[in-house]
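Please examine the sequence and the structure shown here before reading the explanation.

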Amino acid sequence: MAEGAAGTTLTSRAFGLLLRPEASVVVVSVALVLYFQFANAYFVSTANVQTLSQFVAAPVIIACGEIMLLICREIDLSVGQVFALAPFLMENINDVGVPEPLAIVAALAVCALIGLMIGLITIGLRVPSFITTLGMLFLITGLTLTISRGYPANTAGGPVLTGIMGAWAYSEIVWALAIVAVMHVLLRHTRWGLHTVAIGGNLLAAAEAGIAINRIKIGNFVLTSTLGGLTGLLEAFRVGSIDPLAGGSNIMFLGVASGVIGGTAIAGGAGTIIGGLVGGIMLGILQDGFTLQGINAFTFDIVIGAAILIAMIANIHLARLRGGGPQ
Amino acid sequence: MSEAKEAIRAENLVKNFGRITALNGASMHVARGETLGILGDNGAGKSTLLKILTGFHQPDSGQVFVDGRPVRLASVDEARALGIECVYQDLALVNGLSVYHNLFLNRELLWGWPVRFLDHRTMRRRAIEALAEVGIVVPSVDIEVGALSGGQRQAIAVARAVSSQARILLLDEPLAAMGAREAQLIIRLIERLKARGDIAIVMIAHNYAQTLEICDRVMLVQHGEVTFESTAAATSPAELLEIVRREYRALRAG
């Protein structure tokens with residue numbers, strides 16, 4: 001009897017796990033890998049896995065910030081512009097004689113300040129973050145173009161520093177996985193994460209319970225901008241040059257899409273960092289696989305759009321199957 | 001009238017919102033172990049009275065006493081510090097969070113240094129204990145609150161208020177929009193809390209029969225004044241209805 005009961009719990013647990021949005025994305029990803037490997041034996045090769053890891057890393061790091069914001073019912077549209085600005089900040093600070101490692105820290109500090117500004121405008125002046133960051137998107141683009149005069153530049157720094165910061169083939173994915181680990185713990189195992197979920201789930205209840213809503217929202221804006229800046233730096237070091245038109249809305253949407261495909265609710269109150277990771281990996285597999293098959297970038301956009309739609313439809317109905325989630 | 005057990009008393013509360021008088025000299029009192037039901041139509045002033053007791057509104061005049069001492073409830077936090085907790089209909093819980101996270105919302109137990117982590121294990125255990133103490137049955141404390149019924153959610157909200165050391169429990173329409181079985185869940189919970197003897201309960205309600213069943217004493221609030229007060233045993237739904245009808249007729253005649 002007891003064995004049977006334990007068996008039932010195990011089955012229902014396994015069933016519950018399969019109903020999680022991340023799980024369905026993992027299943028789809030594995031199926032895609034099998035398909036692409038079947039179509040092109042080159043897919044699972046060292047060189048391609050390296051390419052894949054580099055493509056996946058940036059959206060996943062961006063997703064970590066966006067997921068926190070989406071969960072507490074905010075969004076940052078300007079994170080891709082902070083991505084482009086950060087390397088130029090670093091170079092300009094480096095040019096006035098500040099050592100490269102300090103210049104990196106200083107550039108990230110400026111990115112954090114941008115996040116703080118977004119947070120203060122959104123919370124203090126009660127502007128929806130969609131609008132605040134839409135304004136910042138144009139503002140920062142202009143700033144980056146002004147600083148760079150529209151020209152690309154080269155990254156400075158010794159081999160160790162550039163290696164750590166992205167030039168080594170796998171450094172960017174190591175950064176991404178480390179950030180995913182830290183952010184997962186932050187979201188699931190600290191008050192900060194729990195309160196972020198509470199704010200998005202029921203703002204009134206969070207306020208009733210005395211949760212510091214403004215502090216948490218502003219903090220998540222700071223986090224997102226800083227992660228955006230860091231991603232921009234990593235990409236600049238990997239490529240070895242700084243492009244004023246790097247990142248942009250494309251990387252921001254890839255980050256948001258990774259989160260949403262991985263089960264983050266646009267309406268707030270639910271989401272996981274692991275979901276963002278598997279969502280990002282799935283998008284990477286799709287793009288990489290289609291590239292290997294010789295399908296062009298235009299088709300990829302059709303596929304990514306369809307993937308987001310399917311994932312969203314699936315998630316909404318899976319949430320109902322689980323019997324919980326936002327109603 | 002000043003019993004030793006008296007938990008909260010309000011005298012001659014007046015509250016105006018612009019030209020509208022919400023409360024016009026209302027008084028109330030409730031003792032530990034006692035349950036007071038406040039009845040009245042929408043806009044009669046019972047919510048304003050409740051919100052003064054929670055510290056959400058401040059009266060224009062009148063005085064509130066807690067444990068016989070005059071107090072000024074300048075904010076919800078100040079009222080809470082005095083052991084006054086209010087449970088609002090469906091506002092209190094986060095549906096996407098588990099039962100135990102809801103019970104400990106913003107009072108989370110933590111471990112570790114220098115970074116403080118959530119102590120999920122201890123919170124789970126304490127949540128199970130706290131729910132057992134007030135006799136609330138849920139499938140699991142890990143389940144998302146959104147998956148529970150309205151009655152179970154309300155019960156958990158009450159349990160949270162009680163486990164946060166509430167000594168004066170204010171319930172805003174605890175039985176509204178609830179089926180008979182669900183309502184029975186809350187009625188039993190209130191009865192158990194009453195039996196503990198250390199908690200004073202004030203509840204706002206619409207249903208006369210239900211209120212008389214649960215409460216020791218009832219008050220009728222009409223146009224900002226307490227027009228009728230009685231022990232539950234000494235009155236009936238018919239009498240309460242008659243008083244309200246008489247008022248309504250007088251209003252139409254005038």
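This is a predicted model: local features need pLDDT of at least 70, side-chain atom pairs count only at pLDDT 80 or more; totals for chains, interfaces and linings use all residues.

Residues are numbered from 1 along each chain as its sequence is written, while chains are lettered from A and ligands numbered from 1 in the order in which they are written.

Chain B has eight helices and 12 strands, taken as DSSP runs numbered from the N terminus (helices: H or I, at least four residues; strands: E, at least two). Its radius of gyration, taken over C-alpha atoms, is 19 Å, close to the 18 Å that the globule rule (2.2 Å times the number of residues to the power 0.38) gives for 254 residues, so chain B is as compact as a globular protein of that length.

The contact between the chains takes 21 residues from chain A and 17 residues from chain B, two residues being in contact if their C-beta atoms, placed from the backbone, lie within 7 Å. On the side of chain B that touches chain A, nine residues are nonpolar, five polar and three charged; Ala, Val, Leu, Ile, Met, Phe, Trp, Tyr, Cys and Pro count as nonpolar, Asp, Glu, Lys and Arg as charged, and the others, Gly among them, as polar.

Within chain A, helix 4 of chain A (residues 79–95) meets helix 12 of chain A (residues 248–261) through residues including F83(A) and I251(A). By class, this contact has five nonpolar, six polar and no charged residues.

Terms used. Axes are lines fitted to C-alpha atoms, for helices over the stretch in contact, and angles run from 0 to 180 degrees between N-to-C directions.
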